[in-house]
Amino acid sequence: MSIFDKKWQISGLRGLKNGLWARSLHTRLILWLIPPVMTILLITGYLSYRISYQFINTALERTVKLQTRAIAHDIEQFFDQCKQDLLFIAQSPADIDQIGSFLAKNRMAGGIEYQMAAFFAQKNAVHHVVVADEKEFAPISSGEIAQIEPNPMLLLGSLASLKPGSVWISPVTELELPLATPEQPNRRVSSQVIEFVTPHVGGDGRIDGFFVLTVDIVKIRNILSVFNSPESPIWSYPRTPEVRYSFLVDQEGWILFQSEGPEKENAPLSTYLARSGLEGTLGKPGLPGAFRPASHYGYFWKMVKDIRSGVFGLIKPKDYRDIHIGHKEHYLAYSPVYFKTAPETTPAVYAGVAYVDISRLTLAAGYKQVDVMFIITLASSVLVALLIFLLGRAVTRPLLHLVHAVEHRQETGHLEPISLPYRGYEVSALQTAINGLIQTVSAQLNQIRKKDRAIYAATLKEAAWVPEETQGQDLIQTCPEIPQIVGTGTKIDSLKNEILKAARVDVDVLILGETGTGKQLAAEAIHDLSARSERPFISINCGALDENLLLDTLFGHIRGAFTEAKTDRKGAFLEAHGGTLFLDEIQTASARVQQSMLRVLAVRKIKPLGSDREIDVDVRIITASNADLKTLIAENRFREDLYYRLKVLTIHTPPLRDHMEDVPLLARHFLQAQGRQKGLKVLGLSRGALEKMKQYDWPGNVRELENCILRAAVMAESRIIQAEDLFIDASADQNPSQEALAPEVHPAPGQGAPENFDRSGLELNLNPRQQKAMPGIRERASITRGEYQKLAGERISSRTAVYDLKDLVEKGVLYKVGKGPATRYCWRPAKPDPPEEAE
């Protein structure tokens, strides 16, 4: 390369560098930020894939283990059922009719279908054998018993040491039975079975023979098939269509049979899936489909060894290198199958069950991860480019943002100082000039707002309505049939309609509602409007009496019923005979009282304490509760049958917070009622007091409202009850409407809010203590009374500190949170500027 070529190359690199730096800010930010963002996303995607891969594999392993253990458990349950059936039949006499009857009843009951049930005598040749032939049970004659292969007598000879109550289980064997028919006199049927044998004790207390039950191993194969299908008892979600199967292996390493599809329950036994790709021995005596892998398959023989030792485990593809290439993605789980021969013996391993699972879930998850990461990377690149573009415009267009801020104040009327995050000379000078104009306008609006506050404060002290009694009667008694329930809202109208409907029928009523919502008044109204209105109305509060006193109050007693019973007592049911009995707080009744109530509701008879005679009662029962009876039923604290006896009709009394429109009407009613009953002067409510009551939630409902009105009427010093005369929750003692009347004005720009001005620049007329504490209040955002005393200094008293803080709350600088010692006074934040729109 010549010197000129090198110079041209160097000058080209310099030109490329200068051209790169000469590009716009947007282009440079895109070239700098997008590659690192994409790199971070790709690394994050790979790491998340590896983590999800590990967890997916763990989930698959647990699923395979669960499937295998469930299959083994079902086979063990199958063996236990066979054992129980055999022990049951062994309790019967050794009679062929008993054996046949057992098989027939067992089939009708849906039990296990046995291939053969038999009794083989030990002391004589009286044997009884019954064989299941399709849908019938056929006994085998004495001459045909000798034709059974293998000869059962040879097997029983080896079981002489078997004790009564113990069951011996045979390995899988081929059983050939003579089942001659007129059409086929030489017919013989063979099948692979498992035999269960137990001794039979004769009348002399000695073993006189053995009972035998045989079951076709196809039944066990079908258990494997069911668990490998949607009919499995632990099936919960569909899986991909890869081949999965399970098989039964004995302790010698023979794979006896494998699972099939559930629709192939009568298919012959096979092992074609289990032996696929493996070398070994196919077929054993009595089981031609059995397969035994060669000895060099170490993973298989480790599984057999673990099964013999009673170990439950899992073999993954990476665990052994000698797994066949077709099994590389297999999970092989195995579990021993136990059988307990007698109650006092420990379970012994009979065989093992293995489950092979093939899953492509990790591969599918990888492909899905790639797709998602591609979309995320593409979307992130576009988003980063868009963000860079917007940030570039925000940096280069500060004057436009200043214009938007001024337009926003002009549109909304919030004259707040403009404070933009720019330090340029031109922008700062223009911002200072605009803030000076805002300060001038704020000073003028300050005076207007003061006047508006004074006018509004005076308005709140005016009477909200004329307090004469006659002006409220038409509104109060909108439903003259129920004068004691006051209200005109939809909730009260619905309650009155329900009361009227309940009064027309003579059935029991359940009234549900919170404390203080008028359940007693509703019960009295139902009685007064019913056909029983001329008869007694008896009210009992179940929560005020203990169990014995409540029972005595309800049912009464006769003289001499107990030591203090000097005279007879009727009880509430007899007192209310012909009328109505109202039981309040029925949820507090004990279980004994509930039981007694249930009987009265069922037969309408009572038995006083100490009496042997039942007395008929004609009484309508109205019950009330302020608790959720269904919850009490779930907690076994209230009888469900009593609940349904009581709720023939159910009426719900609404809480006061659901019909706040009736608060003025109720307040007027209580003022007039207190004036008539207690001789107090009839007062009126100011607008401020009425607004305060509307803002309160009234957790005590109408009863709390009545008590509040009574306290205010007693303590009021004039004919108009003011807001400060109402002793209710302090959180409701705020009037945001008063602050909303005055416009917001702002201080001069660059100066912030002075200590004697609020966030809108309105003059607050703070005293020296408040001005001294304001910087600390702003810095801490919230303070307590004690902290204010430290900030204000001068060793002010607690009363003075509370006065200053309350004054700041009224001026809108602070707002109050909490009650008592936990009370805090928080700085009321200013409203921020809305985000500017870039063009």
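The chain folds into 25 helices and 26 strands. Helices here are DSSP runs of H or I with at least four residues, strands are runs of E with at least two, and both are numbered from the N terminus. The model you are looking at is predicted, so local features need pLDDT of at least 70 and side-chain atom pairs count only at pLDDT 80 or more, while totals for chains, interfaces and linings use all residues. Residues are numbered from 1 along each chain as its sequence is written, and side-chain values use heavy atoms, with hydrogens and water left out.

Let us start with the whole chain. Of its 839 residues, 43% are buried. Buried means under 20% relative accessible area, exposed means over 50%, and partly exposed lies in between, using a 1.4 Å probe and protein chains only. Now think about contacts, meaning heavy atoms within 4.5 Å. Among contacts with a separation of 6 or more, 66% are between residues 24 or more positions apart.

Next, find Glu260 in the loop between strand S9 (255–258) and strand S10 (280–284). Is Glu260 buried or exposed? Its relative accessibility is 9%, so Glu260 counts as buried. Beyond its neighbours within four places in sequence, Glu260 is in contact with Arg221, Ser225, Pro268, Ser270 and Tyr272. With Ser270 there is a polar contact of 2.6 Å between the side chains. A polar contact is a pair of N or O atoms within 3.5 Å; within protein, one must be able to donate a hydrogen and the other to accept it, and residues adjacent in sequence count only if both atoms are side-chain atoms. Val226 is 34 residues from Glu260 along the chain, yet their C-alpha atoms are separated by 8.5 Å.

Gln594 belongs to helix H16 (residues 591–603). With a relative accessible area of 2%, Gln594 is buried. Not counting residues up to four places away in sequence, Gln594 touches Ala589, Arg637, Phe638, Arg639 and Leu642.

Ile615 sits in strand S19 (residues 615–616), and its 19% relative accessibility means that Ile615 counts as buried. Leaving aside neighbours within four places in sequence, Ile615 is in contact with Leu574, Arg604, Lys605, Ile606 and Pro608. Leu574 is 41 residues away along the chain, with 8.7 Å between the two C-alpha atoms.

The axes of H23 (residues 768–780) and H25 (residues 798–810) come within 12 Å and cross at roughly 70°. That makes H23 roughly perpendicular to H25. Arg769, Gln770 and Ile777 in H23 meet Thr800, Asp804, Asp807 and Leu808 in H25. In H25, the buried residues are Ala801, Asp804, Leu805, Asp807, Leu808 and Val809. The 13 residues of H25 should span 18 Å at 1.5 Å a residue, and this agrees with the 18 Å between its end C-alpha atoms. After H25 comes Gly812, with a positive phi near 80°.

Definitions and conventions:
Axes are lines fitted to C-alpha atoms, for helices over the stretch in contact, and angles run from 0 to 180 degrees between N-to-C directions. Angles under 35 degrees count as roughly parallel, over 145 as roughly antiparallel, 65 to 115 as roughly perpendicular and the rest as oblique. The expected span of a helix is 1.5 Å times one less than its number of residues.
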